[in-house]
Amino acid sequence: MIMAKKLFGVDLGGTTIKFAILTENGEIQQKWSIRTNILDEGSHIVPDIIDSINHHLELYKMTPDQFVGIGMGTPGTINRDKGTVVGAYNLNWKTTQEVKSQIEKGTGMKFALDNDANVAGLGERWKGAGNEGDDVAFITLGTGVGGGIISNGRLVHGVVGAGGEVGHMIVEPDGYLCTCGNHGCLEQYASATGVVHLAQDLAEEYEGNSKLKSLIDNGDEITSKIVFDLAKENDYLANKVVDKMAFYLGLASANLSNALNPEYLVIGGGVSAAGQFLLNRVQENFEKFAFPTVRTSTKLKLAQLGNDAGVIGAASLARQFQ
């Protein structure tokens with residue numbers, strides 16, 4: 001009897017690197033994480049990944065030939081064929097990193113990589129809210145806003161890998177300045193930092209009673225979670241902030257869906273922890289802006305995999321080596 005081979009998934013982030021060993025069907029069997037050491041221009045990151053993989057193979061008494069391969073999601077601009085990454089500034093990677101060749105040499109396993117938001121989208125499509133659909137759009141709301149688009153069963157990469165950059169759809173012409181240099185990107189309104197920016201601006205104009213306003217006026221640190229928690233407690237200003245954020249996210253979701261008509265548009269990332277409370281308001285705006293047939297055929301859903309989306313999606317990249 002031939003033993004089914006396993007998959008390795010790696011989710012590389014600015015603060016932690018998550019690892020998982022999965023079955024070919026995407027069930028996580030082991031998982032662990034290490035801190036991301038971004039010192040010395042991120043030169044420790046790839047050696048740390050290799051060491052951690054080899055250490056755990058020893059620990060579990062496994063060998064490289066028991067694996068189909070390793071898949072990894074990473075920030076930055078990726079050349080999938082060469083397996084290189086450049087411009088991942090939260091990792092301190094300013095120059096081109098030869099990730100694939102180093103990891104293949106260091107582990108003796110085949111290796112594939114893709115953008116972290118794309119990979120999270122693949123994870124949700126495979127084992128989460130996407131129900132293995134051939135057409136799934138994924139928006140992840142974190143410190144920034146990322147996306148992954150699966151069309152006809154394949155990830156959309158575009159000409160140079162910038163496909164699926166939904167965070168940089170313009171939702172407010174001449175609006176807030178974005179880190180990309182443009183004004184009015186979705187990222188500036190629907191990310192965790194965007195929600196706080198909206199709250200600060202709306203607090204300046206608001207005269208009435210509000211716990212959120214007094215927190216901001218006192219100079220207390222506020223987070224998107226605080227804004228949503230207060231909105232759920234019927235804080236008037238907090239609800240105004242959520243309404244505005246949901247307007248922009250609903251508009252972007254409708255525009256994306258009008259172009260692609262996915263079966264599911266899945267919303268994930270830290271901010272999506274606000275759950276149905278947020279989704280209901282996004283849905284209202286989506287219905288306002290969506291093309292009639294899209295309105296009835298594209299379903300908005302909350303992501304289901306949480307922090308595991310990245311490692312599961314990454315592992316799915318290794319399935320190409322089967």
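Is isoleucine 45 buried or exposed, and what is its relative accessible area? Isoleucine 45 is buried, with a relative accessible area of 0%; buried means under 20%, exposed over 50% and partly exposed in between, computed with a 1.4 Å probe on protein chains only. The model is predicted, so local features need pLDDT of at least 70 and side-chain atom pairs count only at pLDDT 80 or more, whereas totals for chains, interfaces and linings use all residues. Residues are numbered from 1 along each chain as its sequence is written, and side-chain values use heavy atoms, with hydrogens and water left out.

Isoleucine 45 belongs to helix α2 (residues 45-59). Helices (H or I, at least four residues) and strands (E, at least two) are DSSP runs, numbered from the N terminus. Leaving out residues up to four places away in sequence, isoleucine 45 touches Leu12, Ile17, Thr36, Asn37, Ile38, Leu91 and Trp93. Contact here means heavy atoms within 4.5 Å. Valine 159 lies 114 residues from isoleucine 45 along the chain, and 28 Å separates their C-alpha atoms.

Threonine 23 sits in the loop between β2 (16-22) and β3 (28-35). Threonine 23 is also buried, at 19% relative accessible area. Its contacts are Leu7 and Gln29, once neighbours within four places in sequence are set aside.

Helix α12 (residues 309-317) is largely enclosed by the rest of the structure, because nine of its nine residues are buried. They are Ala309, Gly310, Val311, Ile312, Gly313, Ala314, Ala315, Ser316 and Leu317. These residues pack against the strands β1 (6-12), β2, β3, β4 (67-74) and β7 (111-115), and against α4 (116-127).

Helix packing was examined next. The axes of α8 (residues 224-232) and α9 come within 8 Å and cross at roughly 115°. Axes are lines fitted to C-alpha atoms, for helices over the stretch in contact, and angles run from 0 to 180 degrees between N-to-C directions. The two helices are therefore roughly perpendicular. Angles under 35 degrees count as roughly parallel, over 145 as roughly antiparallel, 65 to 115 as roughly perpendicular and the rest as oblique. On the α8 side, the contact is made by Val227, Phe228, Leu230 and Ala231; on the α9 side, by Ala238, Asn239, Val241, Val242 and Met245. A second pair of axes, those of α6 and α8, also comes within 8 Å, with a crossing of roughly 60°. α6 and α8 are therefore oblique to each other. Ala192, Val195, Val196 and Ala199 of α6 meet Ser224, Val227 and Phe228 of α8.

The structure holds nine aromatic pairs. Rings of Phe, Tyr and Trp (its six-membered ring) pair if their centres lie within 6.5 Å; planes under 30 degrees apart count as stacked, over 60 as edge-to-face and the rest as tilted. One of the pairs, tyrosine 206 with tyrosine 236, is stacked, at 5.4 Å centre to centre and 25° between the planes. Tyrosine 206 lies in the loop between α6 (192-205) and α7 (211-217), and tyrosine 236 in helix α9 (residues 236-260), so the pair ties together parts 30 residues apart in sequence. Tyrosine 206 is buried at 17% relative accessible area, whereas tyrosine 236 is partly exposed at 46%.

Phenylalanine 247 and phenylalanine 289 have ring centres 5.6 Å apart and planes at 75°, so their pair is edge-to-face. Phenylalanine 247 lies in helix α9 and phenylalanine 289 in helix α10 (residues 276-289), so this pair ties together parts 42 residues apart in sequence. Elsewhere, Phe8, Phe19, Trp32, Tyr60 and Phe67 form one aromatic cluster.

Charges also sit over rings. Lysine 127 lies over the face of tryptophan 126, at 5.9 Å from the ring centre. The charged end of lysine 301 sits over the ring of tyrosine 264, 4.5 Å from its centre. The criterion is NZ of Lys or CZ of Arg within 6 Å of the ring centre and within 35 degrees of the ring normal.

Backbone angles complete the description. Most residues other than glycine have a negative phi. Glutamate 132, not a glycine, has a positive phi of about 55°. Glutamate 132 lies in the loop between α4 and β8 (136-141) and is exposed, at 51% relative accessibility.
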